[in-house]
Amino acid sequence: MNADQSTAASSSPELEQQSIVKISLRATSMGEIPAHLADLANRPQSLNDVERNLIRHRNYFLFVNRLPPELLVGIFWDYAMSKNSTPEKASWRPLRLVCKHWDNVICGAPLFWRAIDVYSKSSWLALCLRRSVPAPLDITFHSRKFPPQEVAFLYPHAARIRSFTMQHRGDHTWHIAFFPVFVFHMPVLQTFRARMSSKRKFDGSEIYPEFPFSHQNYPCLQSLSLSRMGLPVDVQLLTRLKTLALDTCRTDISTEVFLDVLAASPQLEVLTLNSFLDNLDGSWDMRSTIRRTPITLARLSSLKIEYHSLSVTSVFLSHLRVPATTEVLLRGWIGSEVQKNDIVDPLVKMLPPLAIRNEVLPSLCRSVCVALEVNELDYMLHASDNTLQSEGNIEINVVASGVDDWNDVGLERGMSDLLGIFSTLPLTTICSRGRISHMGVEYWDSLFTSFPTLQTLEMTTSCDSDSRLIPFWTALMAGLDDENSGASMARCPKLVFIIEEYDMRGCHELYSTIVECLRRRAANGFRLETLELSFDTNPDYAAVQDIYIPQIRSLVDRMLSNK
């Protein structure tokens, strides 16, 4: 019998029972019984230890555990990445619980410890730093609860930091604690993201924390995202970036130098500027676009210009030339000091002048689908070249604060912006959402005559009376009579799909206008394929609705409704 068999036999249930019998037989006196009872109480634990040892010994002979550790590391990593696409979220931790051998393999592999999420415990940071040597580090600080004084753990590892992220907003104490880390030479640092808080001085001015960035210390830096911090003035560092995101940052750089930086950054892929352009030294004047060569950002995939005045946004954009595939977000800011005429066509005012607009934003001239939303909180226009999820989308948004006239904003104001931007383009889809208050026939007639290629029109609206919708249907049947008027006179001859999300009540005039419009369009060969309407289900309106709904249904190929 070999050693393994002997061990197994000695732990069999039969032998265990025999041992218990022998112990009980030896217990001949009352004084010996307590000692034997204590021995029996300890035996389940010893049996468990034997069982664990046997299982561990058996697992050693499994094929997967006979593989070299480096192969196991590759297998574990591929499994973890198949569950999540980023190393920071890789789900390798449950693998440690499978067996002792797997736990040892993972604990000894730096690959699993280089993406460090730090919350409140410095001991976790120290453990990960120790186990990750010599792998490059991706470190994210998530919480203010982490004691800043413990940042000293990072000093010996600064040269290994590849990505540094501060998710929470750090205060002056955090700035002091982290400053020494970035004095070191960091040859592999590629990404730096930090959100800090400015410090207010006695005179009311603010101090924005800065780190000692330089192209000598960070030769590989590609992504820089700063919030409420000082922007480094190292031009050579900035021109190497692929991602530049600045939120409420301060800098000594002038408008001209910043434009020079962009002009020298042909590899830039992501540019996000939030409340930043107004802080540069110098003014934004449209005349500067004449003397400067346009800045071509051929690789730019994302452009976000947010919370600047409308005029500054317009001037800055006029300097750029971006690809038609660039995702563009423009969010302008209107404050209480704005002039009344400045809130007229605010979306148009954010864009470059019409003469160069298509050169700056070529995706605009390719747009065929537009979504417009206008209310007290949102004033937004979204455009794309195919569907609203396609590549190269543009979103133009205005945020107002303390503007009295903004409370009366309605869909008619948004329609004016829509016509000012897209009136020469062959739009096929318009989705509008907003309140109708003063939109007469002339508004809708301008819309229908400007977009003769329109095929789908969706309108979600609210108004104080059904009669507010009468101009819409009146304009849609303009140019048509009982005779065959021909396509040259029809409004939107290709229109086949109308969605009107408004709970119509019991207005005879509105219903009769809808019926007449649909009858004339059908008589002239422009019958709607699909009409979707909604009706107020109050029983008081049922009598009127029962008269007109069958007529409406008979004049379209398909009608969808809640009745």
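In this predicted model, Arg-131 lies over the face of Trp-113, 4.7 Å from the ring centre. A charge sits over a ring if NZ of Lys or CZ of Arg is within 6 Å of the ring centre and within 35 degrees of the ring normal. Residue numbers start from 1 along each chain as its sequence is written, and side-chain values use heavy atoms, without hydrogens and water. Because the model is predicted, local features need pLDDT of at least 70 and side-chain atom pairs count only at pLDDT 80 or more, while totals for chains, interfaces and linings use all residues.

The structure holds 30 aromatic pairs. Rings of Phe, Tyr and Trp (its six-membered ring) pair if their centres lie within 6.5 Å; planes under 30 degrees apart are stacked, over 60 edge-to-face, and the rest tilted. Phe-182 and Phe-192 form an edge-to-face pair, with 5.1 Å from centre to centre and 85° between the planes. Phe-182 lies in the loop between helix 7 (172-178) and strand 4 (191-196), and Phe-192 lies in strand 4, 10 residues apart. Helices (H or I, at least four residues) and strands (E, at least two) are DSSP runs, numbered from the N terminus. Phe-182 counts as buried, at 0% relative accessibility. Phe-192 is also buried, with a relative accessible area of 0%. Buried means under 20% relative accessible area, exposed over 50%, and partly exposed in between (1.4 Å probe, protein chains only).

The pair of Tyr-511 and Tyr-548 is stacked, because the ring centres are 5.5 Å apart and the planes are at 10°. Tyr-511 belongs to helix 18 (residues 508-523) and Tyr-548 to helix 19 (residues 542-554), so the pair ties together parts 37 residues apart in sequence. Both Tyr-511 and Tyr-548 are buried. One aromatic cluster includes Phe-141, Trp-174, Phe-182, Phe-192 and Tyr-218.

Strand 16 (residues 394-400) pairs with strand 13 (residues 327-334) in the parallel sense, over 7 bridges. Two strands pair if DSSP finds at least two bridges between them. Here Val-399 of strand 16 is the bridge partner of Trp-333. Strand 16 also pairs with strand 15 (residues 379-384), in the antiparallel sense, over 5 bridges. Val-398 of strand 16 is the bridge partner of Tyr-379.

A search of the whole structure finds 15 salt bridges. Each is a side-chain nitrogen of Lys or Arg within 4 Å of a carboxyl oxygen of Asp or Glu. One of them joins Asp-138 and Arg-162 (2.8 Å, N to O). Asp-138 is in strand 2 (residues 137-141) and Arg-162 in strand 3 (residues 161-170), 24 residues apart. Asp-138 is buried, at 5% relative accessible area, whereas Arg-162 is partly exposed, at 22%.

Arg-491 and Asp-445 meet in another salt bridge (2.7 Å, N to O). This pair links the loop between helix 17 (470-476) and strand 19 (497-504), which holds Arg-491, with helix 16 (residues 441-450), which holds Asp-445. Arg-491 is buried, at 18% relative accessible area. Asp-445 is partly exposed, at 22%. Glu-256, Asp-260, Arg-291 and Arg-292 are linked in a network of salt bridges.

The chain as a whole has 19 helices and 21 strands. Buried residues make up 47% of its 563 residues.
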